[in-house]
Amino acid sequence: MTSHISGQRFAELHLDHVQRAFGDTVALKGMDLTIKGGEFVALLGPSGCGKSTALNCLAGLLPLTGGRITLDGKRIDDLPPEKRGFGMVFQNYALFPHMSVRRNIGFGLSMRKTPKAELKRRVDEAVRLVQLEEHQHKFPAQLSGGQQQRVAIARAIVLEPPLVLMDEPLSNLDAALRLEMRTEIRRLHQSLGLTTVYVTHDQEEALALADRLVVLRLGEVQQVGSPEEVYAHPVNQYVAGFMGYRNMIPVDVTSQEGEHATVHTDDGIKLVGVKREELTGQAVAAVRPEDFTVVSEVGENTLEAVVEIVEYHGREQAVEARLRNGSPLHIRTNSRLAPGDTIRLKVPVERVLVFS
Amino acid sequence: MKARPVVWLTWGALAFFMVNLVGIVGAVVTNSFAESWFGTWLPNGYTGKWYGEAWRDYRLLDVLTVTFQVAIAVVVISVLIGVPTAYALARRNFPGKKLLNVLFLLPILMPPMTYGIPLATVLYKFQLAGSMFGVIAANLVPAVPFVVLTMTPFIEQIDTKIESAARMCGANTFAIFTRVLAPLLVPGILAASILVLVRTVGMFELTFLTAGPTSQTLVVSLYEAMSSAGIRPQQMVDSMAVIYTGSMLVLLVIALRFVNPTQLVTRLKDTA
Amino acid sequence: MTATLEQPKASVRHRLAEKGVDRVLWLLVPGAVFVILLFVYPFLYGLQLSFQPKGGGNPFQNYITFFSDEYLAETVWITLRLGLPAALFNVLASIPIAFRMRGRFRGKRALTTLLVIPITLGTVLTAEGLLAFFGPTGWFNRIWLALGADEPAKLTHNYWGVLFSLIITGFPFAFLLTLSYLSGIDPTLEQAAATLGASRRQRFRTITMPLLAPGLAVTFCLSFVLAFSVFPSAVMVGNPAGETHVMSIAAYETALRDNDFAMGSAIAMLMALVMLIVIGVVLIWRTTLYRGATGGKG
């Protein structure tokens, strides 16, 4: 399938200290970010972290209370949304309930006074692209969630916008459909090359889709990087927690040498790990559940725990165990374990991240 | 935000409307306190005596008692009849439901005069006109449908699973009504009651058509006082009108505490 | 009944259950009895009474009299001439004001309350106020004359007084309804239109108005009912024997002053008919509009 839809590429969209306050609360605290043409950027964080605020500021739906946004050197933050020409997919889709699928998709084109023949051709193409040929004359209320989602995407991309903004577009769909639409969005991005900013609270979604992640917390950028970088090398405890480091073991720092730090738990077990921040006294050792291996003997970087709960997950088991000092531990393993077993868990040095 | 001409025009027109409204109300309030007021900017002296005289001459205590009795009776009866009806309409589909819905909509859509005159005729036929009973019955005609109309969507939004859960816990129908539904319905019933109260106190036509000398509510005696003015000074009618507006204002302020005016939409969207 | 009794009991229950008839429907009995006794019966009684003219003879005599007596026939036109403009004005004026009142801003609650207060005024205070304020020596005309007018504007005891009274008492209702319909429209729809390049005016024309129109139709109908039933203010601030001799006055005077209940009922029936025609026309127009949900989710 060939497509003529393609965004007008820009070189660089630059957010310079973008700030947004609501009364006394600052939802976005001086965000700096540069987005290159063709990139897929995900803004990631829990609700209230400022990711949607950032998106609305980009769209022009919220005026800034500080900073500036430039597109290839031209200032755009003083333009109203309709003058920016960005496409946006809303969380609740915001389909016009009184218009058919085709009229929804063609709305932006008719606002631009596109000639009839061209409008028809482009709507046809967009309908084909999101595979809604059978449903193009229906109204939004007659469509399923996934179909509505496709209409919303088609409506945003039919204008070939330089930038597509997506605000948690998959959060209203059920699990199976969410996976399907995720692939769909990735496919559209790969084939059309539209620059996209995608807001989500789901780290799996962000990792799967984005070229680059921006992790936000309380209105502040925590880390910007490729999925691999953020996943393997989170800069702080918060990002680590978001990236699946479920075990945060409280420890005391014994010694630090170069990249590594030696720490011990309050009942004297020694762990060596990678130092991710400047450390003093107390610290946290972060380990992913899947980085533990069950071993038979006590050795370097080995913890002893008692199994409490075992969940069967097919190929592997999710195990909740407890260290001797009482702190809980989450483990994923192929070994068959039963509640009450005493186990020894080894973790490689480079898979232990030590944060202050 | 840039202020556009449309915005200025809107606020300007609104301000003009408000100024005139303040003038209209102000004129009545001023006159009710006026010693005498003929052809000048302001009256030549102020007094509160008209309130006392109106209170005595128009026997306002009796009138207010009647108003109160009628309004409370209408509220209680319309809730007792309206809420079960609303429940059945909200929860069941049955043959003839559409017809019943229309029948409960018509008394609200019809001008009170159109059914008030035949109703008064019927009441005269059965010698019920002029009594408290007649006034209450007439006021119930729009009040019951009003309760049904406001309560049906309110009941619809209560999850039926809550009732099923109560049943699974061993509650019988009566217990479900008193222990589960009633507490959930209280806010809706309260809102509907207050709106019915406001409407009944303000309802002129139906009371006027059916009331006798001892069953007049405040609106009606106010109207009678005004149309028979000339015998008594204008100021007395005005002070009575101020009393009426004052009591309506109290009711409205109470009503606004319980009812968000912008929520009216969900109620009327499905019915009308 | 006898046929069903011969069937096994369970089968009747099953068939009723299939139609959704069960014990819950007993709850409808008081409501149904009430509406039939106090609304349907009097209405039908009035209808048949209107075909029994006081003097006997032709059953249609009351209606013939109504349309052949110019003084009576004219009331239809007089009432419409008051009711339609008042309802139209109230609805149209509500739109821009409700539009300004969307969203949150400081003092919104106070302003809403201020706009709703006229509900409490009641017809008599409004009438007294209009007579005093717009009267020949009232504050309005004093300012009017001070501004250089030659003679006081005549705004009471005529058409204008009644129209003003209908606007003052009717506007709060129209405004509240319009505001609630407008608040029911998902604001992200307009935002979506904005990101698609629609200007403020285009958003209003293509998104807000089409979604608001069905609500406005209902608002117009309810405002019209209020204005069409005008009675006390037409007597007090109008000219009840002439310019504002509306149908309500005609019906009331014939029935209760002249004791011709048959003729009074006939006028009441005609009043209901005229009103149903107007509302019917508006509602038929409304069926041509989109009437589904106005929220974001389908």
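Author: Let's start with a working rule: a residue is buried if 20 or more other C-beta atoms lie within 10 Å of its own, and exposed if 12 or fewer do. Keep in mind that this is a predicted model.

Reader: OK, let me try that rule. Why does Phe154(B) count as buried?

Author: Phe154(B) has 21 C-beta neighbours inside 10 Å, so Phe154(B) counts as buried. Phe154(B) sits in helix α6 of chain B.

Reader: Where does Arg59(B) lie?

Author: Arg59(B) is in the loop between α2 (49-57) and α3 of chain B. Its phi is near 45°, again a positive value in a residue that isn't glycine. With 14 other C-beta atoms within 10 Å, Arg59(B) is partly exposed.

Reader: Back to α6(B). How do I read the length of a helix?

Author: Compare its span with the one you'd expect at 1.5 Å a residue. Helix α6 of chain B, residues 132-156, has 25 residues and reaches 35 Å from first C-alpha to last, close to the expected 36 Å.

Reader: Where does the kink in α6(B) lie?

Author: At Leu140(B), shortly before the proline Pro142(B), and the kink is about 40°. As for cover, 20 of the 25 residues of α6(B) are buried, so call the helix mostly covered.

Reader: What does the rest of chain B look like?

Author: Chain B has twelve helices and zero strands. Buried residues make up 43% of its 272 residues. The C-alpha trace spans about 75 × 65 × 35 Å along the principal axes. To see how far along the sequence the contacts reach, take those between residues at least 6 apart: in chain B, 76% of them join residues at least 24 apart.

Reader: How many helices and strands does chain A have?

Author: Nine helices and 20 strands. Of the 356 residues in chain A, 40% count as buried. Its C-alpha atoms fill a box of roughly 75 × 45 × 35 Å. Among contacts in chain A with a separation of 6 or more, 66% come from residues 24 or more positions apart.

Reader: What domains is chain A divided into?

Author: There are domain 1 (12-237) and domain 2 (248-355). Their centres, taken over C-alpha atoms, are 39 Å apart. Four residues of domain 1 are in contact with seven of domain 2. On the domain 1 side, that's two nonpolar, two polar and no charged residues.

Reader: What about the core? Which residues touch the most other members?

Author: The largest nonpolar core has 262 residues, and Ala285(A), Val147(B) and Met240(B) touch the most other members. Helix α3 of chain B, residues 60-91, gives the most to this core, with 15 residues. Domain 1 and domain 2 of chain A both contribute residues too, so the core lies between them.

Reader: Which residues is Val147(B) in contact with, sequence neighbours aside?

Author: Beyond four places in sequence, Val147(B) contacts Ser78(B), Val79(B), Gly82(B), Val83(B), Ala86(B), Ala192(B) and Val196(B).

Reader: Now the interfaces. Which chains share the most contacts?

Author: Chains B and C do, out of two pairs of chains in contact. That contact takes 72 residues from chain C and 68 from chain B. The chain C side has 49 nonpolar, 19 polar and four charged residues.

Reader: How many residues does the contact between chains C and A take?

Author: It takes 23 residues from chain C and 27 from chain A. On the chain C side, α10 (187-195) and α11 (200-228) are the elements that give two or more residues. The largest share, seven residues, comes from α10(C). By class, the chain C side divides into eleven nonpolar, ten polar and two charged.

Reader: And how far apart are the closest C-alpha atoms of chains A and B?

Author: They lie 10 Å apart, and no contact joins those chains.

Conventions:
Residues numbered from 1 in each chain as written. Chains lettered and ligands numbered in written order. Predicted model: local features only at pLDDT ≥ 70, side-chain atom pairs only at ≥ 80, totals over all residues. Nonpolar A, V, L, I, M, F, W, Y, C, P; charged D, E, K, R; others polar. Core = buried A, V, L, I, M, F, W, Y, C linked by C-beta atoms within 7 Å. Helix = DSSP H or I, 4+ residues; strand = E, 2+ residues; numbered from the N terminus. Domains from an automatic or database assignment. Expected span 1.5 Å × (residues − 1). Bend = angle between axes of the 7 residues up to and from the residue.
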